[in-house]
Amino acid sequence: MYTPPVAGSKIIVVGAGTFGLSTAYALALKKYNVWVYDRNTVPSADASSTDINKCVRMDYGGDTLSMQLMMEAYPHWHQWNKERAEMGLSPVFHQTGCLLLCKGDSYSDYERSSIKHIREAGYGHTIQELPTPESIIERFPQFKDAVDNGYKVAYLNTEGGWCNSSETIKHLYQKCVDNGVQFIIGSDKGAFEQLLVEDDVVRGIRTRDKVKHIADHVVLAAGPWTASLLDFGGRLQATGQAVIQFSPPPEFIEKFKDSPVWGGDISRTGFYGFPINAEGKMKIASHSVGYVSPRSADNVSVPRTQVTYQDDTIPVKALDNFRKFLGEFMPETDNWDISYSRVCWYSDTTDGKFLVAPHPDYKNLVIASGDSGHAMKFTPNIGFKITQVIEGIETDYSRAWSWKESNNDVLTSSDGTRNITSKPLTLGVGEARMASKVELKAPKKKSS
Ligand SMILES: Cc1cc2nc3c(=O)[nH]c(=O)nc-3n(C[C@H](O)[C@H](O)[C@H](O)COP(=O)(O)OP(=O)(O)OC[C@H]3O[C@@H](n4cnc5c(N)ncnc54)[C@H](O)[C@@H]3O)c2cc1C
């Protein structure tokens, strides 16, 4: 039986990413005594929330709860932009719209279902349908090649866009500091090593420097590392997802700098991308089954990142998939070297819903993880929902994100955006070996 903290309790939050900071902020507003621990300076170089951009969308297929959560998040994003403008800082949220293109003459189920639910929720005004090849090209001429190669129907959601995710984390970190959250940061003194447990009651944590930190409650929000810190019985699994960047030539920058975020029939291909940012970088990512990196002791997948493996790129299989997709969707890219690549990690649950719940084996421990690759957009408001879970308040969210029976074998997405037909390959092995720097070069240039 879970006992919520009393007013003013000391609460330790492990992890200063989306889940951890958002929770710490919401708890601090309610005058809890909040302490955040992280193994790295914020934003942590290899955290999943650390990147140049992430998609912000309310298009969630049949997952209407996530759609609602996003609708609640938008005003917070605009408020944060206002705060930043007052401080002379660039916006964190860029409302470019999200353009969802589909292959063939009709929408895939995901797009069809998203439109239906968005309209039913009263947000129909945000949907602009582009039902013919001509209508897409007229509005977005930069996607002409994609249209000519079969992406013939699309819709734009004008409410969506992207956030500068590293800046978002920095912004939230400052809001936490301003509201009295204490931070313990460092590879030894900030790194969670173990729970302090007495008779199944969590009394605090021990960090890697062997120091004990006592608290009334602990929230474990270590992102894709969470599964490696405690036994979750297969409910959480770290999967690595490939991300690439190009630094396109000037004429292409003109064409693509004011683009919306796009999905290239995402529920069938997994590919989506971003407009070229102010530094001239264009990011494209794949939302797929991903890769695992099992540790030998127990086969639990532990994120393998460039912080430890500086020369890591992306698996050759992922590279091949990118080049095949882009050869059709954005053929100019055949002439470009990949300027940056990375494997970024999800904390996957089998149903694609977050895991935010008291841990049934311990008193005073709440898990806030299982992002399943889609939580960044909720950074400004998810902490308020997590705080309700910590306070023992039952909501639609607490029910959806509860501790469920595990089903280790089947991985799905909550909204149908991830077309998973196989098991994740092991990173570094066979087709999942890391691509060499030469292999990242442009295929056209390589053969010429
Ligand atoms: C390739 C990719 C693309 C994505 N695209 C999108 C998108 O377009 N839109 C979207 O909404 N979401 C997207 N996401 C998902 C989003 O980034 C995550 O849902 C979100 O960042 C998860 O936050 P988190 O707090 O769980 O994890 P993280 O951000 O990884 O934070 C975990 C923190 O825990 C710390 N930590 C780990 N171990 C320890 C320890 N032992 N002790 C102390 N601290 C520890 C880490 O240093 C880190 O700071 C994407 C994710 C990836 C990987």
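**Cavities, a buried arginine and a covered strand**

Mentor: In this predicted model, the largest cavity is lined by Asp63, Leu65, Ser66, Leu69, Lys353, Phe354, His374, Tyr397, Ala400 and Trp401. Helix H2 (64-86) and helix H11 are the elements that each give two or more residues to that lining.

Trainee: Which element gives the largest share of the lining of the largest cavity?

Mentor: Leu65, Ser66 and Leu69 are among the lining residues, and helix H2 spans 64-86. The largest share is 3 residues, and the element that supplies them is H2.

Trainee: How many nonpolar residues are in the lining of the largest cavity?

Mentor: The lining includes Leu65, Phe354 and Trp401, and these count as nonpolar. Asp63 and Lys353 are also in the lining, and the class count gives 2 charged residues. Another 2 are polar, and the number of nonpolar residues is 6.

Trainee: What is the volume of the second largest cavity?

Mentor: The search of the whole structure finds 3 cavities of 30 Å³ or more. For the second largest cavity, the volume is about 50 Å³.

Trainee: How many residues in the lining of the second largest cavity are polar?

Mentor: Its lining residues include His287, Ser372, Thr412 and Ser413, along with Arg57, Asp415 and Arg418. The lining has no nonpolar residues and 3 charged ones. The number of polar residues is 8.

Trainee: Is Arg418 buried or exposed?

Mentor: Arg418 lies in the loop between helix H11 (396-400) and strand E22 (425-426). Its relative accessibility is 6%, and the limit for buried is under 20%, so Arg418 counts as buried.

Trainee: Which side chain joins that of Arg418 in a polar contact of 2.8 Å?

Mentor: Leaving aside neighbours within four places in sequence, Arg418 is in contact with residues including Thr239, Tyr346, Asp348 and Leu411. The polar contact of 2.8 Å links the side chain of Arg418 to that of Asp348.

Trainee: How many of the residues of strand E5 are buried?

Mentor: Strand E5 covers residues 98-102. On one side Cys98, Leu100 and Cys102 are buried, and on the other Leu99 and Leu101 are. The count of buried residues in E5 is 5 of 5.

Trainee: Which strand runs parallel to E5?

Mentor: E5 is joined by 5 bridges to strand E7 (residues 153-157), and these two run antiparallel. Cys98 stands opposite Asn157 in E7 and opposite Val261 in E15. The strand joined to E5 by 4 bridges in a parallel run is E15.

Key
Residues are numbered from 1 along each chain as its sequence is written. This is a predicted model: local features need pLDDT of at least 70, side-chain atom pairs count only at pLDDT 80 or more; totals for chains, interfaces and linings use all residues. Side-chain values use heavy atoms; hydrogens and water are left out. Buried means under 20% relative accessible area, exposed over 50%, partly exposed in between (1.4 Å probe, protein chains only). A polar contact is a pair of N or O atoms within 3.5 Å; within protein, one must be able to donate a hydrogen and the other to accept it, and residues adjacent in sequence count only if both atoms are side-chain atoms. Contact means heavy atoms within 4.5 Å. On a 1 Å grid over the protein atoms alone, a cavity is a set of points where a 1.4 Å probe fits but cannot get out, and a pocket is an open set with protein on both sides within 12 Å along at least five of seven lines; lining residues have an atom within 4 Å of a point. Grid points are joined across faces, edges and corners, and a volume is the space filled by probe spheres set on the points. Two strands pair if DSSP finds at least two bridges between them.
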